[in-house]
Amino acid sequence: MSRILIVDDAATVRMYHREILESAGHGVDEAFNGMEALEKAFMIGYDLFLVDVNMPKLDGYAFLRELRSHGELPQAPAIMISTEAEAIDQNKAYEAGANLYLVKPTRPDVLLGYVRLLLGEPLQ
Amino acid sequence: MNATATAISQDDFQKFQEYFYRKTGIRFEDSKRYFVDKRLLERIAATASNDFRNYFAMLRFEASGAEMQQLINLMTVNETYFFREEYQFECLVESILPEIVARKQHDGPIRIWTIPSSSGEEAYTIAMCLLERWSGIDRWDVEILSSDIDTNILVQARAGLYSARSVQHVPENYLAKYFRRTAKGFQLDDTLRNAVEFSRVNLQDATEVRPYRNFDVIFCRNLLIYFDDQSRKQAAETFFDALRPGGFMLLGHSESMSRMSALFQVRKFPEAIVYQRPGGGWV
Amino acid sequence: MALVKVPTAKTAEIESRSEVRDLAGLQAKLADPDPGARRWAARDLAAHPAASAALLALVRTEEDVSVREVALSSLTRIGDEVAVAGLVDCLRSEDARLRNEAIEAMKSLPERVAPLMRGLLRDPDPDVRILAINVLESLRHADVELWLISVIESEPMATVCGAAVDLLTETGTPRSRDSLIRLTQRFPDEPYIQFAAGLALKRIATA
């Protein structure tokens, strides 16, 4: 079973994404910000990261940069989830190390489609 | 007469769980319902809040943060004893100290600070581990400093007299080697008592902590979790300044820098996750 | 080699500060190439309210986290109009790190920030409106729920409404009930709004 880490400081958003992912059979863990996400990522090899941008202490971009540049952290694809819809922000996300980019508020079908794609699962 | 709350609903539990997780990083699973509900009801009654909603509102906005402190105290296990959270001492000996000596460029001793000292168990445990488990102790000098705000507890720490409960996790051979059984309890030998310097310090007093510098390792376990957001941030800055570049910081096992400060880098060793002040010529 | 014990008086090293620590001297030190020197200057400037502008300028360009954090702490301690206006301005920054650090600083200045809230919740930039809602999370003010209600009543963007509802799942009272129901009617095709408003309503009902 795949294991996905949801990184977001908003409890309701984490809960929402958890329900979507669990209903599709994925295992889910949560982190409150980029720093907690790093701590968890050191302990568990996640298959996918769902990363919010605005979080205290360590934001989404900083987390991705740290994840991608760290020799000891197991790598996995990442979807950045942001309120910003501009193309320039998407580029920032890709430069930081995101694989895909979603704008909030997310829709279950789109999110699951992206997840399946990144996990290499066949699209239904 | 208003009856005080006698049960916590699932929704209220979730609200509380989310709030507590946000503030402390500790997450209570549903399996902990009995544990959490019991203590919440206790505090609701103790604060004459009547129901969860009033209590929660008070908890969130109390300026002094005193109720949050009380609650954290209730929700976490606070006993102090020798070899508590032993994996951190293993980490010190197996991973942290080897890295420190590998890049050490000065002649002075390696300096370790543990705060709060409480009755000394942590500091003396470190001393024992260094003497018994670290091969480097024959080559390098180590200075152990332990501090607390409470002068009474410092007297106890210097005296080195402990209950059976406190020493229950001390390996048999260390117990025989470093302690004397007396009528009053287990008396720590002078070898160890003389190995640790105890001092009084208020961590939140900028003037008092200013002289504390150039430490290689700082243990601050199960203290910061009781501080409010501002004080935690302040304390993290204090520890940052107290460490040498590349120095290490260890918190209690249910504590995380993610709720305190972005100053430190997360380091994963086989035994533990610790925090490191950047720099010191170590990538 | 062994465990050595050094008396506290010797162990504690006193930092000798030979230079003058006046406003001009300290501000000059903010440009020092050594981050340690910048950090100490930023820290000591907490005692100089006139330093707000200089500290803000530093915060916007400083790369070293330890210097930025201290500068923000000092700005929070000074907490004057210039400092607060500057922090609000940081919410508009392109730099996510700076935006989030500003939010944290603002959370420590509730009395200063409260009067600005209404305006921020109506700011032309939706991201500023969202960040302002983030500040509300720990703002001690009688009107917080009313402000959130006015957001979900009139805010056009779903993302901003989402942020407001998230806070209401924790702090909502029956006062918010009708507005939450209207919100679900306003955004029938937004699954997140349906989810979050539903949760907030559920928690209000069982409180």
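Trainee: How many residues does the contact take from chain C, and how many from chain B?

Mentor: Two residues are in contact if their C-beta atoms, placed from the backbone, lie within 7 Å, and by that rule the contact takes 25 residues from chain C and 37 residues from chain B. This is a predicted model, in which local features need pLDDT of at least 70 and side-chain atom pairs count only at pLDDT 80 or more, whereas totals for chains, interfaces and linings use all residues. Residues are numbered from 1 along each chain as its sequence is written, and chains are lettered from A and ligands numbered from 1 in the order in which they are written.

Trainee: Which element of chain C gives the most to the side that touches chain B?

Mentor: Helices (H or I, at least four residues) and strands (E, at least two) are DSSP runs, numbered from the N terminus. Helix 5 of chain C gives the most to that side, with five residues, and the elements that each supply at least two residues are strand 1 (3–4), helix 1 (8–11), helix 5 (65–78) and helix 13 of chain C. With Ala, Val, Leu, Ile, Met, Phe, Trp, Tyr, Cys and Pro counted as nonpolar, Asp, Glu, Lys and Arg as charged, and the others, Gly among them, as polar, the side of chain C that touches chain B has eleven nonpolar, six polar and eight charged residues.

Trainee: How many bridges join strand 2 of chain B to strand 1 of chain C?

Mentor: Two strands pair if DSSP finds at least two bridges between them; here two bridges join strand 2 (residues 142–148) of chain B to strand 1 of chain C, and the strands run parallel. Within strand 1 of chain C, Leu3(C) stands opposite Val142(B).

Trainee: What does the contact between chain C and chain A take from each chain?

Mentor: That contact takes 19 residues from chain C and 18 residues from chain A. On the side of chain C, the largest share, six residues, comes from helix 13 of chain C, and by class this side has nine nonpolar, four polar and six charged residues.

Trainee: Where do the domains of chain C lie along its sequence?

Mentor: Domain bounds come from an automatic or database domain assignment, which for chain C gives domain 1 (23–108) and domain 2 (110–207). Taken over C-alpha atoms, the centres of domain 1 and domain 2 of chain C are separated by 30 Å, and their contact takes nine residues from domain 1 and ten residues from domain 2.
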